[in-house]
Amino acid sequence: MTVILEPNQVHLALAQATLHGSVAVSSLEELGDHLRDTPHEFAVVIGPSVDLAEATSFAQWVRVQRPELGVIMMRHEVDSSVLSGALRSGMREVVEARDLAGLTTAVQRARSVATAIAQTMEDELQAATTAAVAGVEAASAAAFAAAAQASVAPETPKGTTLTVFSTKGGVGKTVVATNLAVALADLGKKVCLVDLDVNNGDVAIMLQLSPTRNVNDLVAFNGQIDDHAVTSLVTAFSSNLSVLAAPVHIDTPDQATSEDIGKFLDTAATLYDYVVVDTSGVFDDHSLAALDRSDRILLVGTLDIPALKGLKLAVSTLDLLNFPRDTWDLVLNRADGKVGLSIEEYQNTLDLKADIRLESSRDVLTAVNRGEALVRAFPNHPNSKALLSYAGTLAGATVAHDVPEQAPAGRGSRLRLRRS
């Protein structure tokens, strides 16, 4: 359920008409009483008439006392000072009062995050209970495990899973994912590139592929996602790079579940050196399945306030879901823009350092429009060098300007949740 704090009846009526089934309160005292009586509330919408200082003070209290509760603030005007203050206080999102569609989307995201956090807390409680019951048997269990380990074959090696994520579109997330996958493949690594943007995935287009199978074909295997299932679903870009494409049509009757996605990623990690995942840009079940299995998370943003707001939301949510920060890398795209927002301000707001900086360039769009990877089309481009250097660091290789592995003819040359 959603509760709306708004003393102005006109604004309240608009918000309630948008959020069906919501509960209205007119003061912080009423809101406190409601939250005490409703422990499973997942979102609070603070209307535009509520004092900003009171709103931020409430958000700071929620961040400590009710971390699963998403606070969404509405303002008549959203400028950098309002946005930065709101994000520092722990609010999930700030929405313009007239953007009712944005309000609905924000509440939906709050519901997804609350569900994930609740599941994490339940899993942790179950794990603690199990550990307490089994504590008296720990010594004998350890001895048994040691003996068993000596008698069985080594586990199947597991590849590295990299998830590229951002909560704002148009920041270059897919460009980063595709070029990183191609760069790793050109270093001799076996790579699987997975497009989980099931409504608007562009990986196949950017690599000039015409796949016959896609993510939604996972449902045909009825949850039995083995090596054969993985190899039969992917499309080869080159001898080292395979792609699981997103659906072409969004009205497909059979939709892959998060369990299907998770099993695919688990199996792919036993077959490939690297699994690179491009996500949809929201904390949906597919993205959470990938994030939960990620060895590294690449957060992508551009040098503007909307992208900064989106990344701040992503950072706050990843913190709430206990993804350790030492597994995150920040990719700052179009970092050379002179737009009044400095790289230092961006990094300080996120409390993250930009690990990869990419510049604005027409060559990037040229490569995209030709269906080529930038790292192959323009290997000496500064952005290519940055991505190749990062890939080399991941792979433990020294990057040289060798002739890249050629694509097949016809395409050109070109959780369970993690706990801290």
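A salt bridge here is a side-chain nitrogen of Lys or Arg within 4 Å of a carboxyl oxygen of Asp or Glu. The model shown is predicted, so local features need pLDDT of at least 70 and side-chain atom pairs count only at pLDDT 80 or more, while totals for chains, interfaces and linings use all residues. Residues are numbered from 1 along each chain as its sequence is written, and side-chain values use heavy atoms, with hydrogens and water left out.

**View A. Asp319, Arg325 and Asp351 form a network of salt bridges.** The whole structure holds 13 salt bridges.

**View B. Asp33 and Arg36 pair up within helix 2.** Their salt bridge spans 2.1 Å, N to O. The two residues sit 3 residues apart in helix 2 (residues 28-37), about one turn of the helix; helices (H or I, at least four residues) and strands (E, at least two) are DSSP runs, numbered from the N terminus. Arg36 is exposed, with a relative accessible area of 62%, whereas Asp33 is partly exposed at 37%.

**View C. Glu93 and Arg109 make a buried salt bridge.** Their closest N and O atoms are 2.7 Å apart. Glu93 belongs to strand 5 (residues 93-96) and Arg109 to helix 5, so the pair ties together parts that are 16 residues apart in sequence.

**View D. The largest nonpolar core has 63 residues.** Such a core is a set of buried Ala, Val, Leu, Ile, Met, Phe, Trp, Tyr and Cys residues joined through side-chain atoms within 4.5 Å. Among the residues with the most contacts inside this core are Leu184, Leu241 and Tyr346. Helix 7 (residues 173-186) contributes the largest share of the core, 8 residues. Apart from this core lies another, of 23 residues, with Leu218 and Phe221 among them.

Conventions. Buried < 20%, exposed > 50% of the residue type's maximum accessible area, 1.4 Å probe, protein only.
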